[in-house]
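Hi there,

Here is the structure I promised to pass on to you. Have a look at it first, and then read on for my notes.

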Amino acid sequence: MKVSLEWLSEYLKLEVEPEELACMLDLSGTAVDRIIRIGTGLSGVVVGRVVEVQPHPNADSLSVAHVEDGSNVREVVCGAPNLVSGMRTAFALPGARLPAISTSELKRANIRGVASDGMLLSAAELGIGEDTSGIIELGQDVLVGADIHDVLPVEDVVLDLEITPNRPDCMSMIGIAREISALLNLEFNYPEIEIIEDESTYLDSVKVKVGAPGDCQRYTARLVSDVKISPSPSWMQRRLMAAGFRAINNVVDVTNYVLVELGQPLHAFDLERIEGKTIIVRHAERGEVIRTLDGEDRQLDEKSLVIADSSNPVAIAGIMGGENSEVTEQTKNVLIESACFEPTSIYLTSKRFGLRSESSSRFERGTDPIGTSRAARRAAQLISQISGGRIALGEIDIFPGKKESIFVELRPWRLNELLGVEISKTEITNILERLEFKISSGETLNVEVPSFRRDIEREIDLVEEVARIFGYNKIPSDLPKGGRYEAGLSKTGKIEREISNILIAQGLFECISPSFMQNLDLTRLRLPEGHALTKVVTLLNPLSETGECMRTSLMPGLLKIVRHNQNRGNKDLAIFETGRVFFSAEGNKLPIEMDCIGILLSGMASSQHWSVSQREFDFFDLKGIVENILHTLFIGNYSLKKVERPFLKSGRGSMLQVEGKDAGFLGELKSEVVEAYDIKGHVYVAEISTDCLIQAAGEPEHREIGRFPGVKVDISIIVDDGVECERVENIIRANGGELLESVSLFDLYKGTQIPDGMKSLAFSLEFRSFERTLSDEDVNERVDSIVSALERDVGAVLRKKDEGPSGSVRQN
Amino acid sequence: MGELERLRELSRENKSLKSVIEKSISIIQGCSSLEDTRDARIRILGRKGMITAVFEGISKMPEDERPAAGRAGNEFRTLVTALLEEKEKEIEASIHMESRELEGIDITLPGRCPPLGKKHILSKVIDDVVEIFISLGYSVETGPEVELDYYNFEALNTPAYHPARSLQDTFYVKRSDPEREEPDDILLRTHTSPVQIRVMESRKPPLYVISPGKAYRKDEIDATHTAMFFQVEGFAVDRGITMAQLKGTLEVFARKLFGSKRTVRLRPHFFPFTEPSAEVDVSCFACDGAGCSICKHSGWLEILGCGMIDPNVFSHVGYDPEEFSGFAFGMGIERIAMMKYGIEDMRYFYDDNIKFLSRF
Ligand SMILES: [Zn+2]
């Protein structure tokens, strides 16, 4: 809502600076977006009269106008579509200053071969409005050659206000004046409305019927006959432009003027174009069509409230009029509609048509049912004033939704208790009265709510009113008193944070990608129909940028991050994301949401350094990172099994099982998948269910470290290449007995030294007893049984056995 | 096979050499300087050394045993010589090393940095915010991101055709069977406030809860709007909760997050689920309130929305508004991160450019 301070001064005497006023409004709930100063620095602009218009010899879209500036007639090139001879407009002479469009002065110009001796201005070029569609059309009342400052109060300050949806009463000059008056404890006045009614018989011939009383609380109408349509006077045009409206003619401008002034939307019909001079407020019938004022044909349905004449809809009620009843230059008799429609009906219809107007934005928030009559009188007064029409005697007023005033009880102590303040009953009363509430005071306050405050129904609503006028800044600061014992992160929250921390500690970057996914991602991941990851939650109204469903995997997001980074030269990536994935659930109302960890490695495992050579990430980097998470969470009961997944390279994927349950996978992505995401290089991905890890997470347990020295034995065996390392390790553990403390693989060799199809595995075993120093016999016995088990179970051949004291440097 | 192992094998093969070999090994292994190895060489291989005694012993053997014993003796000599040389090299190397350690190094050569990961800047800000409220006694809760209309709107005093709904364009979920129920009743939550309802439904006051999470709005995507964003919701429900306590709580929060000199102001605003409602500004930390480009010359930065929980919300969860009162607040994490770190475009957060992420 744009509020011109020049206009506002019509209703109250403003003696504060605009900045101060803006700050006060801001702190009382009317946010000020901008303070716009218009017209400052403008000079050299006069009222010009267009004497003659000729086509431009070299350009179809331009004309050459002869414009009288009061003393001379000048030739000016102009492209405005509304340029006609006889009109009066704003004429910038050479040397003029037009701060809205330029910092330098206006010069004579040659436009497509014709010299232009000045410039005709639109409201935007003049800096008083936003309209750029044509040059400004001034009333015929202005003196040609007069300085524009003498004709229009060009200099003004406009406050651009943001009105919250609960305060439709503030979408008007009067509403803002009321707020300011309450804040400054200042008088304000409604406009004086005096009308002289004419003994016209026309109103008798007009019939109004409200056929949908549920959606139309009140319908008031007045008739002004014998109007003469012309541009409205400059003062009104200027005020409307400052309020963001376009000047149209002296009737439509009045309806807009009253809408801004009183917040009551009006509509003007050309009565002669209303069939049967009958107005019916009803729901449309299916199949009815109306061409609205914006030139669009609208298909109506039973839910749309319309204003119809005896045969056709002539307006979509409260939203936009129809072309068929529009006021034109030929209009003589104007029927002014001033109604109160049901907010929900207007909201839904406006949403269905995607059509919002200044009227609908007020109706859908709720207008004052009592105010319709005043607004109709005001409009009649102004129309007759500026268009010479006669006001018909009386008004039509149908008020099916008449309601009693609302009374709300306010307990002053309750107000003070809730706000944590001490405001006296007298002050509370004063504040409410300045907002036009009527109070009868007892122990509690009995408050009558004015009809324009449809947002006030309960005590708490009044508490807010008092608080915001009293000033939130005067509320003291305090803290809640109660003690709390449940503070902190939940167990889940702690573990999630720990997982994140261990990944970061291993050099990974945390990423966050949108929770959306495209159906295309399912194809890119090569998922067959029916695969678990294809059970997507689909959006009804997606954005093209987001994708049409919710992600079932973190992979697409991570892969897009890789592409984004590769395109920017960041090729070495170790990243992870923790977040939700979503699966549609049959029968359940809500989808299943699962917290997951996605890890992705690609490129070089280390940065370049003078002392070491680089190598690429591989599967075992990923596996190590995953195992470190498990170790950090004290999860011992897990296994990794070879698995095939549609998106993983065959033979290079693994399933993670935690406590026997499928907890996720890790592996290398197929090159087809990588290519589908426009990525280069090898990509290793893991995706693990956070919930599985949280359920399995254990606590650290102290175990004796052992005072006696351990004995380290290295054994190296040759086995068939197909024997998995884990199997060998399990045999070693199973046969090492209690004394075997640890087993680790330190060498894997395939090559010329050993037969084809075989591999050499070298393990370092450490034995320790908690009771005594181990003897050679103790250890040899265990090692022998390990070796014979290996020979027996996997056909291993012992290649070498080395013994050394525990902790000694291994010789290679 | 190394010399040492071969020597041990040799001692097992030739009982007569066993003690000599073991003694030699222990002498050699006991050497710690080049003097020691010189002495060891004399003791083992010298003219009056152990090797001489070995060969003297061989010469006294029966003739048929001598060739084999001789070969063993020679091998013993070769192995011991090699072992000694190896020991000398080892000692020399360690001497060299010691002297190298006494020399300087070019300490300006780049160090070997283990790879360093980073928390996402938004996670970092969320953690900071959550930590402050934990210190004030709040517990952390979360809720679903795909929500029922009831929790996102209705129970939060935003009925179906409330104009407040037009403020936020909502993503709806397609129902597999749209005829079965209201088709538009599952949506992506537009704020984290549904957690208020879920917690209040399942527990009784006193409640002091903070809830970080993702929310979704169907906004045009630009420098200040993304379809997904993070919010942190907080609320307190107890006997005697006042607006003054809300104000004090937010002051503590603002000072802890933005610095001890910050002041806050509350501007009345409208939210369907709180009344009175307010938007909260913190004095600009860049200019201390004097006005600068960051605060658009107002001296204030808007950081969150808040208010006293509306009695209608309490009635949805069966609390008596005469017995309990409460406050709630919600903040956009991106906005706070943008202000705190001077980031101009919200989309940076979700591009995940490693170079951007590594700055924080
Ligand atoms: Zn500033």
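This is a predicted model: local features need pLDDT of at least 70, side-chain atom pairs count only at pLDDT 80 or more; totals for chains, interfaces and linings use all residues.

For the complex, the predictor gives an ipTM of 0.84 and a pTM of 0.82. Chain A has a mean pLDDT of 91, with 98% of its residues reaching 70 or more. One stretch to treat separately is residues 805–812 of chain A, where the pLDDT is below 50; beyond near neighbours in sequence, this stretch has ten contacts in the model. Chain B averages a pLDDT of 88, and 95% of the residues there score at least 70. Within chain B, confidence is lowest in helix H1 (residues 3–13), with a mean of 80, and highest in strand S9 (residues 325–332), at 97.

Now to the helices. Two packed helices are described by the angle between their axes and the distance between the axes. In chain A, helix H2 (residues 18–26) and helix H5 (residues 173–184) have axes that come within 11 Å and cross at roughly 90 degrees. Because angles of 65 to 115 degrees count as roughly perpendicular, H2(A) is roughly perpendicular to H5(A). On the H2(A) side the contact is made by Leu21(A), Met24(A) and Leu25(A), and on the H5(A) side by Ile180(A), Leu183(A) and Leu184(A). Sorted by class, this contact of H2(A) with H5(A) has six nonpolar residues, no polar ones and no charged ones.

Over all chains, the count comes to 77 salt bridges.

Next, the sheets. Strands of a sheet pair through backbone hydrogen bonds, either parallel or antiparallel. In chain B, seven strands form an open sheet with mixed pairing, in the order S1-S4-S5-S9-S8-S7-S6. Strand S1 (139–140) and strand S6 (264–271) of chain B stand at the edges with a single partner strand each, so one side of each has no neighbour in the sheet. Inside this order, strand S4 (residues 207–216) and strand S5 (residues 228–238) of chain B run antiparallel and are joined by ten bridges. Leu207(B) stands opposite Val237(B) in S5(B).

Chain A has an open sheet of three strands in the order S24-S26-S25, with antiparallel pairing. Its edge strands are S24 (406–410) and S25 (438–441) of chain A, each pairing on one side only. From one strand to the next, the twist averages 25 degrees. Five bridges join S24(A) to strand S26 (residues 445–449) of chain A, and the two run antiparallel. Asn446(A) in S26(A) is the bridge partner of Glu409(A).

Finally, some backbone details to look up in the viewer. Most residues other than glycine have a negative phi, and most peptide bonds are trans. Here are the exceptions I noted:

- The peptide bond from Pro205(B) to Pro206(B) is cis, with omega near 5 degrees. Pro206(B) lies in the loop between helix H8 (194–202) and strand S4 of chain B.
- Glu275(B) and Pro276(B) are joined by a cis peptide bond with an omega of about -10 degrees. Pro276(B) is found in strand S7 (residues 274–283) of chain B.
- Arg526(A) is not a glycine, yet has a positive phi of about 60 degrees. Arg526(A) is in the loop between helix H16 (519–524) and strand S29 (549–550) of chain A.

Conventions:
Residues are numbered from 1 along each chain as its sequence is written. Chains are lettered from A and ligands numbered from 1 in the order in which they are written. Side-chain values use heavy atoms; hydrogens and water are left out. Axes are lines fitted to C-alpha atoms, for helices over the stretch in contact, and angles run from 0 to 180 degrees between N-to-C directions. Helices (H or I, at least four residues) and strands (E, at least two) are DSSP runs, numbered from the N terminus. Angles under 35 degrees count as roughly parallel, over 145 as roughly antiparallel, 65 to 115 as roughly perpendicular and the rest as oblique. Contact means heavy atoms within 4.5 Å. Ala, Val, Leu, Ile, Met, Phe, Trp, Tyr, Cys and Pro count as nonpolar, Asp, Glu, Lys and Arg as charged, and the others, Gly among them, as polar. Two strands pair if DSSP finds at least two bridges between them. pLDDT is the predictor's confidence in each residue, from 0 to 100. A salt bridge is a side-chain nitrogen of Lys or Arg within 4 Å of a carboxyl oxygen of Asp or Glu.
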